[in-house]
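Subject: Structure handover

Dear colleague,

Here is the structure that I promised to pass on to you.

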Amino acid sequence: MNCSSTAEPAPPLRPRRRTAGPDPAHAHAMACFPDCPLCITDRDTLLWQDDKLRIIRVDEPRHPGYLRVIWQRHIAEMTDIDPMDRRHLMRTVFQVERLQRICLRPDKINLASLGNQVPHLHWHLIPRWRDDPCFPDAIWAPPRHNPARAAAWADRCDALAPHVARLHRVLAARGPTADISGDDTRDA
């Protein structure tokens with residue numbers, strides 16, 4: 001259920017008390033918001049999707065391997081989806097993290113679900129290395145390193161590019177449940 005930029009505007013959501021899971025009577029209203037950048041899938045590169053969620057590549061050259069897992073419907077909070085869907089979402093997040101660790105071998109993976117600026121349920125999966133410009137701060141913080149270290153980081157990003165491309169190929173071909181090991185040379 002991807003939304004396109006040509007979809008008719010959804011009626012505004014009315015505040016209501018929520019019980020477990022979404023209210024089917026308001027499913028269309030929660031499906032797509034034309035002004036939401038995460039409702040529009042053509043803004044980033046789609047790697048994989050099912051009927052509940054999708055995995056996209058985030059074009060952020062200073063942060064190779066950065067991915068997002070985005071819930072297909074426009075809802076804001078984890079508790080707005082039923083428990084089975086929450087399990088599916090988190091299982092996908094963990095499986096993508098596992099693939100990032102195998103393919104990229106980062107020092108750390110940052111997982112974040114914020115939604116303060118874009119209140120559409122999504123998870124950021126950001127591989128981190130000790131020599132990245134913002135480490136140990138969040139990637140949204142100002143860079144800490146001097147220009148010489150920035151040049152070294154640019155070289156490191158170039159060296160990581162084939163590994164990032166492999167991660168993208170694996171996800172596109174086999175999805176987040178791909179069974180690969182660190183020395184597995186098969187991509188699809």
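A search of the whole structure finds 0 disulfides, a disulfide being counted when a pair of cysteine sulfur atoms lies within 2.5 Å. For Cys39, the closest cysteine sulfur is that of Cys36, and at 3.8 Å it is too far for a bond. Cys39 is also buried, with a relative accessible area of 1%, and Cys157, at 12% relative accessibility, counts as buried as well; buried means under 20% relative accessible area, exposed over 50% and partly exposed in between, with a 1.4 Å probe and protein chains only.

Please keep in mind that this is a predicted model, in which local features need pLDDT of at least 70 and side-chain atom pairs count only at pLDDT 80 or more, while totals for chains, interfaces and linings use all residues. Residues are numbered from 1 along each chain as its sequence is written, and side-chain values use heavy atoms, with hydrogens and water left out.

As for the overall layout, the protein chain has 3 helices and 5 strands, taken as DSSP runs (H or I of at least four residues for helices, E of at least two for strands) and numbered from the N terminus. Along the sequence they follow the pattern α-β-β-β-α-β-β-α, and buried residues make up 43% of the 188 residues.

Strand β5 (residues 122–128) deserves a look, because 7 of its 7 residues are buried, so that it is largely enclosed by the rest of the structure. His122, His124, Ile126 and Arg128 point one way from β5, whereas Trp123, Leu125 and Pro127 point the other way. β5 pairs in the antiparallel sense with β3 (residues 67–71) over 4 bridges, where two strands pair if DSSP finds at least two bridges between them, and Arg68 stands opposite His124. It also runs antiparallel to β4 (residues 108–112), to which 5 bridges join it, with Asn110 and Ile126 as bridge partners.

Best wishes
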